[in-house]
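Here are some notes for a colleague who is opening this structure for the first time. Please read them with the sequence and the model side by side.

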Amino acid sequence: MTDKGVRPPHLAAVLVGEDPASKTYVASKEKDSRGVGFTSSVYRYPENTTEKELLDVVNFLNNDPEVDGFIVQLPLPKHIDENKIINAINPDKDVDGFHPVNVGKMVLGMPTFLPATPYGIQTLLQRAGIETQGKHCVVIGRSNIVGTPMAIMLSRNAKDANCTVTLCHSRTQNLAEITRQADILVAAIGKRHFVTEDMVKDGAVVVDVGIHRVEDPTNPKGYYITGDVDFEHVAPKCQAITPVPGGVGVMTRVSLLLNTMTAYRNNIISI
Ligand code: NAD
């Protein structure tokens, strides 16, 4: 498209405060965007930015025709109401897929921006040739950004879904009994090595969403990254398993680019 003289897609990110993980995520998004030839811009604001100031930024990006999609990196400082900010984003530019309009469309199976992590997992299963039709998928974790949309997406009547889904959470009883029934197990708990070998049946497909930074002076970076699954002991039982790092995290990043590409196409067509 750029060869034809059309401008490249433009993804913007808004970062408030100094949260180290958020800074890393935004830096990755910037690098990924540039890597595929998108224009990338990052709007950085200090921790003491007011809700009103942030709403003004959102409004500015909503109305900038050169910006196809943008994300407001979460979590936001405590004095800012996240829901208010998400609600203010133009759903047509909401490439994170967090706006209630886009969540509603996702639930109904209408075309929309799917939340990046479950979208990445669905793509990963599809591209790895994992059969989902009629399979029992157990999702552990019910967050709005991972567990809940994952459960909905995999249960839909679609060729890369049609699973029977069980959604487990912190109040689930007999968790291991349920996870042992999973053909596909998605772990999004936020607890390091929570899923152990006794919780997984032979031949299962295991998707590890967790990201944990563990201090390690012997590592040149001073830390290593690991997941919610005890990979070393679970992997030998599995048909397939995602590593951490290098699994779901990468797919999440790809999904944001795909959503931006969709926003760009819609925007360019509408101009
Ligand atoms: P969260 O931290 O908001 O919620 C955790 C969920 O786990 C809750 O719904 C809770 O009910 C459930 N849970 C907690 N303890 C449990 C227990 N003992 N038994 C069963 N369920 C339990 O979740 P999140 O934001 O989805 O994040 C989960 C993990 O995934 C974190 O490690 C996070 O860093 C990581 N993450 C990774 C990516 C990625 O791109 N790879 C994206 C988002 C989040």
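1. In this predicted model, the loop that joins α4 (100–108) to α5 (116–127) contains Met-110. Met-110 counts as partly exposed, because its relative accessible area is 40%, and partly exposed residues are those that fall between the limits of 20% for buried and 50% for exposed.

2. Met-110 also belongs to a nonpolar patch on the surface, which it forms with Val-103, Val-107 and Leu-108, and the accessible area of these residues together is about 320 Å².

3. Away from the surface, the largest nonpolar core holds 17 residues, and those touching the most other members are Ile-121, Leu-125, Cys-137, Ile-184, Val-186 and Val-209. Two or more residues each come from α5, β4 (136–140), α6 (147–155), β6 (184–187) and β7 (205–208), with α6 giving the most, at 3 residues.

4. If residues up to four places away in sequence are set aside, Cys-137 touches Leu-154, Cys-163, Thr-164, Val-165, Thr-166, Ile-184 and Val-186.

5. Within α1, the buried residues include Ser-22, Lys-29, Glu-30 and Asp-32, along with Val-26, Ser-28 and Ser-33. After α1 comes Gly-37, which has a positive phi, near 85°.

Key:
Residues numbered from 1 in each chain as written. Predicted model: local features only at pLDDT ≥ 70, side-chain atom pairs only at ≥ 80, totals over all residues. Heavy atoms only, no water. Patch = residues over 30% accessible without salt bridge, like charges linked within 9 Å, V, L, I, M, F, W, Y side chains within 5 Å. Areas by Shrake-Rupley, 256 points an atom, 1.4 Å probe, with all protein chains shown as cover. Salt bridge = Lys/Arg side-chain N within 4 Å of Asp/Glu carboxyl O. Helix = DSSP H or I, 4+ residues; strand = E, 2+ residues; numbered from the N terminus. Buried < 20%, exposed > 50% of the residue type's maximum accessible area, 1.4 Å probe, protein only. Core = buried A, V, L, I, M, F, W, Y, C linked by side-chain atoms within 4.5 Å. Contact = heavy atoms within 4.5 Å.
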